[in-house]
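Colleague: I would like to learn how to read a few local features from coordinates. Can we begin with helix packing?

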Number of protein chains: 2
Amino acid sequence: MATTEQPVTKEPVNSGREAETPRVDLRTVLFTVADAKLLIALHGNREKAALPRSGPVPNESLDTTARRTIRDSTGLQEQYLEQLYTLGIREANIWSIIVGYIGLIPLSPETAALSGTTWCDVNDLPKLSDSDERVIEYALLRLRAKLGYTNIAFHLLPRSFTLTELQNAYESILGRRLDKRNFRRRVIASGILQGTNEQRREGSHRPAALYRFRAEHDPGDYLTPMWAEEA
Amino acid sequence: MATTEQPVTKEPVNSGREAETPRVDLRTVLFTVADAKLLIALHGNREKAALPRSGPVPNESLDTTARRTIRDSTGLQEQYLEQLYTLGIREANIWSIIVGYIGLIPLSPETAALSGTTWCDVNDLPKLSDSDERVIEYALLRLRAKLGYTNIAFHLLPRSFTLTELQNAYESILGRRLDKRNFRRRVIASGILQGTNEQRREGSHRPAALYRFRAEHDPGDYLTPMWAEEA
DNA sequence: GCAAAAGTGTTGTGTATACACCCATGG
DNA sequence: CCATGGGTGTATACACAACACTTTTGC
């Protein structure tokens, strides 16, 4: 049923041969936060770096493929994944349809050591292809925006964390300082946190309380309510 | 949205031969509002209906292709266009990568008369393919959500309109009534409107003032600021 | 006892909601 | 003069931003 052909008419390009077909290409922008820096996982070394990528797989959803791409190229399991944007581009004379994904992953011992993949500071990226740069640029835009109205930043932190660590993550991403009291009030009020009874002692100062977030709480995630009058 | 999972028709299909390549397919969900109903442009008749679609074109951005798809299949020029989501699906044994688009267009005299395309009430759609239904479902979700934090609804109205018409458009999309005074205060305060000095006389009651919106005012359109403290 | 980070409240300002009546017109 | 939709204001609740000091610990 899906085959109703339509008057598309425009196809001047590619004059001679049979129809050119685009290559479909998934690219994943995997973020983490370490040491107050926002990092991206890049495949290759600083000379020849690129976003982790792969082609689509029949009978597998794109989301699943993206998830596997991250796993294969980093050995890590991302905590949050979202499709970004799809763009058509010709590069090195290859026509590609690029489906961009954004992924978030906690910083952890293993996260640091990757084979074939390096973490690069977002503010100091190596030379990349135009398409990779576009995908990254958009991923950053979306990450920052989303931070405002969702709680995705939690996915960048380990299972338990202090409020200061959480705040640092926010500040790294936004590139701006936040007010401690307002931050805490807000994040507590939002109800996503669950206080453990543990503390972390570290340095000659008062120990910090550790929190988790509730698995449940990650609701619609991205809708903004509004116009929410009663009748 | 967080990882919108896609059901995948699990099938052994195509095991032996060389790599199967997906077909890329753009689909456009074009909305308008008429008579307090939210309508979608469908190609074909009620028996065999489908979303306007087309394949990608080399050296043309997907957005441009989508725009052209709308123009070709409806003869209309949409006022607002945005990419939605890309999904991989196998349907009728064809493996497709479907890129969904949402478009908004004002209701106008011409809008009514289309060749080969019909406007269907969102609440009374004919039978469509699974993929079309998914694209539409998502388009609706996004349209409603976006209405909350942007001004896209304006793109559904003709050049000049009364505040009541504008409010009706909102109510049609949201499927909910809004308070007249709050609605007006808000929309006026937002500054997107520009009062013309004309009025519309219609029926035995007080005539309504006509407004336009300023071309300029339709900024970033979809970002939500927040965490906007000073330092 | 001091350095260093953790933790804690109040106040003002703006924005969203709820709510009910008068106005201008055509017939 | 009446029916019909157009148009207007206020009081209350909540959310956000600004702002500074006390607490606990290790050394």
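Modeller: Start with handedness. A crossing is left-handed if the near helix is turned anticlockwise from the far one by less than a right angle, and right-handed if clockwise. Keep in mind that this is a predicted model. Here, α3(A) and α4(A) make a left-handed crossing.

Colleague: Which residues make the contact of α3(A) with α4(A)?

Modeller: From α3(A), A:Leu143, A:Arg144 and A:Leu147 take part. From α4(A), the partners are A:Tyr170, A:Ile173 and A:Leu174. By class, the residues of this contact are five nonpolar, no polar and one charged.

Colleague: At what angle do helix α3 and helix α4 of chain A pack?

Modeller: Helix α3 of chain A covers residues 130-149, and helix α4 of chain A covers residues 163-174. They pack at an angle of about 135°, and their axes are 10 Å apart. That angle makes α3(A) oblique to α4(A). The cut-off matters here, because only angles over 145 degrees count as roughly antiparallel.

Colleague: And chain B? How do the axes of helix α3 and helix α4 cross there?

Modeller: In chain B, the axes of helix α3 (residues 130-149) and helix α4 (residues 163-174) cross at roughly 135° and come within 10 Å. α3(B) and α4(B) are therefore oblique to each other. The crossing of α3(B) past α4(B) is left-handed. B:Leu143, B:Arg144 and B:Leu147 of α3(B) meet B:Tyr170, B:Ile173 and B:Leu174 of α4(B). The residues of that contact are five nonpolar, no polar and one charged.

Colleague: Now the rings. How many aromatic pairs are there over all chains?

Modeller: Rings pair if their centres lie within 6.5 Å, and planes over 60 degrees apart count as edge-to-face. By this rule there are nine aromatic pairs over all chains. Take A:Tyr85 and A:Tyr138: their ring centres are 5.6 Å apart, with 65° between the planes, and the pair is edge-to-face.

Colleague: Where do A:Tyr85 and A:Tyr138 lie?

Modeller: A:Tyr85 is in strand β5 (residues 80-91) of chain A, and A:Tyr138 is in helix α3 of chain A. So the pair ties together parts that are 53 residues apart in sequence. A:Tyr85 is partly exposed, at a relative accessible area of 23%. A:Tyr138 is also partly exposed, with 23%.

Colleague: What about B:Phe161 and B:Phe213: how far apart are the centres of their rings?

Modeller: The centres are 5.4 Å apart and the planes lie at 85°, so this pair is edge-to-face. It links distant parts of the chain, with B:Phe161 in strand β8 (residues 161-162) of chain B and B:Phe213 in strand β10 (residues 208-213) of chain B, 52 residues apart. B:Phe161 is buried, at 0% relative accessibility. B:Phe213 is partly exposed, at 23%. In chain A, ring pairs link A:Phe154, A:Phe161 and A:Phe213 into a cluster.

Colleague: Is B:Ala92 buried or exposed?

Modeller: B:Ala92 counts as exposed, at 57% relative accessibility. Phi of B:Ala92 is also positive, near 50°. B:Ala92 belongs to the loop between β5 (80-91) and β6 (94-104) of chain B.

Notes:
Residues are numbered from 1 along each chain as its sequence is written. Chains are lettered from A and ligands numbered from 1 in the order in which they are written. This is a predicted model: local features need pLDDT of at least 70, side-chain atom pairs count only at pLDDT 80 or more; totals for chains, interfaces and linings use all residues. Side-chain values use heavy atoms; hydrogens and water are left out. Axes are lines fitted to C-alpha atoms, for helices over the stretch in contact, and angles run from 0 to 180 degrees between N-to-C directions. Helices (H or I, at least four residues) and strands (E, at least two) are DSSP runs, numbered from the N terminus. Angles under 35 degrees count as roughly parallel, over 145 as roughly antiparallel, 65 to 115 as roughly perpendicular and the rest as oblique. Contact means heavy atoms within 4.5 Å. Ala, Val, Leu, Ile, Met, Phe, Trp, Tyr, Cys and Pro count as nonpolar, Asp, Glu, Lys and Arg as charged, and the others, Gly among them, as polar. Rings of Phe, Tyr and Trp (its six-membered ring) pair if their centres lie within 6.5 Å; planes under 30 degrees apart count as stacked, over 60 as edge-to-face and the rest as tilted. Buried means under 20% relative accessible area, exposed over 50%, partly exposed in between (1.4 Å probe, protein chains only).
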